[in-house]
Amino acid sequence: MRPNPARRLLNWLGKLLLAALLSTIVSVALLRFIDPPMWTWRIERALFPPAKVVEVKHDWVPLEQISRELQLAVIAAEDQRFAEHNGFDMDAISSALKHNQHSERVRGASTLSQQTAKNLFMWSDRSFLRKGIEAWFTLLMELGWDKSRILEMYLNIVEFGPGIYGAEAAANYYFGKPASRLTRYEASLLAAALPNPWRYRVKPPSPYVLQRSAWIRRQMGQLGQVTLNKVHQAD
């Protein structure tokens, strides 16, 4: 008796899905210990840059060689509950949904964990499919990595300007110093540009960046070093 074609197709699709799931688990597990030489966001930028990039700059450094001021600045700017949540800030998501129902200006609620997953594995689409896959990678990272590894990964692959990836490259490009020596003011300027580093100018800082960086410094003062201690406590 010949196998049912529909059943054969379902079996094949099931095996394909299982293989894909296993590959994501293995990839995230390996990246807990291996620093990636390339990631999807950088690849997409190389293939489809919003504007011409003369030179790409990137230097990987461990988290302990990145100023704690910059570590705290990105938490203050992007995800103040980073040390507490499990990858998804449900309060921020609820607030963003309510805001977006009554405003033409869409507000996001992505955590640093979600942003790291997006930069590492995803493409720049806003579809529900992409968000679903991003959520899966975020869950895997939160289960397999500690918070300090997530922060280290984020700070080494995030885009701080056209062709400028990671804290070390940004610190050298904008301030002529290593990331370990960034001051609170310099760190707040870099963090202020993160929503759109192709639009917001770090040096000389635009009026928006100056205003936002001042807000970030106030938030850093309120969060304090206790926030970073929570992030590093699993080291």
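Predicted model: local features only at pLDDT ≥ 70, side-chain atom pairs only at ≥ 80, totals over all residues.
Helix 9 spans residues 184-192 and is mostly covered, with 7 of its 9 residues buried. The buried residues are Glu186, Ala187, Ser188, Leu189, Leu190, Ala191 and Ala192. Their cover includes helix 3 (68-78), strand 2 (159-161), helix 8 (167-175) and helix 10 (207-232).

The loop between helix 9 and helix 10 contains Pro204. The peptide bond that joins Lys203 and Pro204 is cis, with an omega of about -10°. Most peptide bonds, by contrast, are trans.

Side chains of opposite charge can pair when their charged atoms come close. The structure holds 13 salt bridges. Three of them are listed below, with the distance between nitrogen and oxygen.

| Salt bridge | N to O distance |
|---|---|
| Asp146 and Arg32 | 3.2 Å |
| Arg149 and Asp35 | 3.1 Å |
| Lys230 and Glu84 | 3.1 Å |

In the salt bridge of Asp146 with Arg32, the closest N and O atoms are 3.2 Å apart. Asp146 belongs to the loop between helix 6 (128-144) and helix 7 (147-157), and Arg32 to the loop between helix 1 (5-31) and helix 2 (40-47); the pair therefore ties together parts that are 114 residues apart in sequence. Asp146 is buried because its relative accessible area is 15%, under the 20% limit for that class. Arg32 has a relative accessibility of 25% and so counts as partly exposed.

Arg149 forms a salt bridge with Asp35. Because Arg149 lies in helix 7 and Asp35 in the loop between helix 1 and helix 2, this pair ties together parts that are 114 residues apart in sequence. Arg149 counts as buried, at 4% relative accessibility, whereas Asp35 is partly exposed, with a relative accessible area of 36%. The pair also belongs to a network of salt bridges that links Asp35, Arg149 and Glu152.

The side chains of Lys230 and Glu84 meet in a further salt bridge. Lys230 is located in helix 10 and Glu84 in the loop between helix 3 and helix 4 (90-101), so that this pair ties together parts 146 residues apart in sequence. Lys230 counts as partly exposed at 39% relative accessibility, and Glu84 is partly exposed with a relative accessible area of 44%. Helix 10, which holds Lys230, is also among the elements that cover the buried residues of helix 9.

Conventions:
Residues numbered from 1 in each chain as written. Heavy atoms only, no water. Buried < 20%, exposed > 50% of the residue type's maximum accessible area, 1.4 Å probe, protein only. Helix = DSSP H or I, 4+ residues; strand = E, 2+ residues; numbered from the N terminus. Contact = heavy atoms within 4.5 Å. Salt bridge = Lys/Arg side-chain N within 4 Å of Asp/Glu carboxyl O.
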